[in-house]
Amino acid sequence: MPEQAIKDKTAIVGIGWTPFTRQSGVRTLTLAAQASLMAINDAGLQVQDIDGVVSYFHKRPETQEVRDLARALGLKKCNFQFYSDGGGGWNCGAVLAGAMLVHSGVCKNVLVFKAQNRYSEGRAARAERAHDVSGADQFTVPFGAHHAAASFGPHATAHMARYGTTSLDFAHLAVTERSHAMLNKKAMMRKPMTIAEHQSSRWIIYPFRLFDCCQETDGAVALVITSAERARDGKHAPVYVMAGIGGSGQTAGLWETNGVNAAPLLYEGAGITPRDVSIAEIYDPFTFMCMVHIEDFGLVKKGEIGPWVSAGHNRLDGVVPVNTHGGLLSEGHIAGLNHFIEAVQQLRPEGVVDDLCEGPHTYDRATCRQVRSPEVALVCGEGGGSAMLLRKA
């Protein structure tokens, strides 16, 4: 596959977010509007400049529907509205859909958002969801797979059996991501964590302990996509979309994700190799899933992820800094769209604006989470179901 025609033709020009909490106290429509207005303002645009709106959900609408947000914002002209069932695997797919709408000329400025009360409302509905056995769930739920940890546990144990990956390796990844979140003012989990605390945390289901599992979060994030030409006159330096991909195929076994299928197409579409990736904001619902995504997108040789994270190569000053905001494990879980907020911040000339630095970035890891001179960011969704490469201007 040659370089994608969309390469560098669109850019993310605005980002926004609400606080990440366990009790928002407001409707998802309010959260969506707050994050969206922040993103539109950050882009230097007016509300009426938005003419496309995109979002996504998992199995059933758990977030604000697109048409309702368009009405709440008072959009007078909305050329395209897209609301897709893709779950966390579709974070990059949603952004790619927005970029394609711009590149095709259907829209000029597309708003992509995700808003949810996943903790305050979602946990209450968990027992009811256990009885939802339609589709593929009819083959798993009756046998005890009532939550994601149970679904992904066999993938982790298959990798452990094949490559010798251990719970201690999981601990190193969790502790590193927590250290990043400690430097993130909007992160939900900023208390220091030790390897011993991870290893003594209670089992959720083997091989996942409590600290192997992501947050459940109330909150919203949003971003604005426009053409590269219009982006040059924006409020902030643009972050260009190099390439994107979505959709899943078969793999060799449980120890692989769709990343093995997506990665070659993604890198070829951007005209780069995995060695060109400066930072990676990787979907991390569980420690192991983050690790196998890192492997399958070519950042680490297959089977070597355990020693790699244990050596700290995923830290802010490591070989490839991973989840520099703390990820879904420690920042919060906004279905992976919050990974884009971090990637854009890291790639802008001014860098992240919500770490503990006062004034210019110092790279002192007691206060600063800005990576030194990142050029290219990899973002991926759950299971490698979608992925994207971004670059700085």
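In strand 11, L378 has L389 as its bridge partner. Strands count as paired if DSSP finds at least two bridges between them. Helices (H or I, at least four residues) and strands (E, at least two) are DSSP runs, numbered from the N terminus.

This is a predicted model: local features need pLDDT of at least 70, side-chain atom pairs count only at pLDDT 80 or more, and totals for chains, interfaces and linings use all residues. Residues are numbered from 1 along each chain as its sequence is written, and side-chain values use heavy atoms, with hydrogens and water left out.

**Around strand 11**

- The hairpin of strand 10 and strand 11 has five residues between the strands. Within this hairpin, G383 takes a positive phi near 70°.
- I245 stands opposite A387 of strand 11.
- Strand 11 is mostly covered, with five of its seven residues buried. Buried means under 20% relative accessible area, exposed over 50%, and partly exposed in between (1.4 Å probe, protein chains only).

- Strand 2 (residues 52-57) is mostly covered: six of its six residues are buried.
- G52, V54 and Y56 point one way from strand 2, while V53, S55 and F57 point the other way. All of these residues are buried.
- Strand 2 pairs with strand 3 (residues 80-85) in the parallel sense, over six bridges. V53 stands opposite Q81 in strand 3.
- Strand 2 also runs parallel to strand 4 (residues 110-117), joined by three bridges. V54 stands opposite V112 in strand 4.

**Helix 1 against helix 2**

- Helix 1 (residues 28-42) and helix 2 (residues 66-73) pack at an angle of about 60°. Their axes are 10 Å apart.
- L29, A32, A33, S36 and L37 of helix 1 make the contact with D68, L69, A72 and L73 of helix 2. Contact means heavy atoms within 4.5 Å.
- The residues of this contact divide into seven nonpolar, one polar and one charged. Ala, Val, Leu, Ile, Met, Phe, Trp, Tyr, Cys and Pro count as nonpolar, Asp, Glu, Lys and Arg as charged, and the others, Gly among them, as polar.

**Nonpolar cores**

- The largest nonpolar core has 43 residues. A nonpolar core is a set of buried Ala, Val, Leu, Ile, Met, Phe, Trp, Tyr and Cys residues joined through side-chain atoms within 4.5 Å.
- F208, Y267, I294, F297, L299, L378 and L389 have the most contacts inside this core.
- Helix 10 (residues 287-296) gives the largest share of this core, six residues.
- Apart from this core lies another, of 39 residues, among them I12, C92, L316 and L347.
- Leaving aside neighbours within four places in sequence, I294 is in contact with L173, I282, L299, V300, I305, W308 and V322.

**Two single residues**

- T176 is in helix 6 (residues 167-181). At 5% relative accessibility, T176 counts as buried. Leaving aside neighbours within four places in sequence, T176 is in contact with N314 and R315.
- E375 lies in the loop between helix 13 (338-347) and strand 10. E375 is partly exposed, with a relative accessible area of 42%.
- Not counting residues up to four places away in sequence, E375 touches S278, L347, L390, R391 and K392.
- E375 and G259 are 116 residues apart in sequence. In space, E375 and G259 are 22 Å apart, C-alpha to C-alpha.

How values were computed: Axes fitted to C-alpha atoms, helices over the stretch in contact; angles between N-to-C directions.
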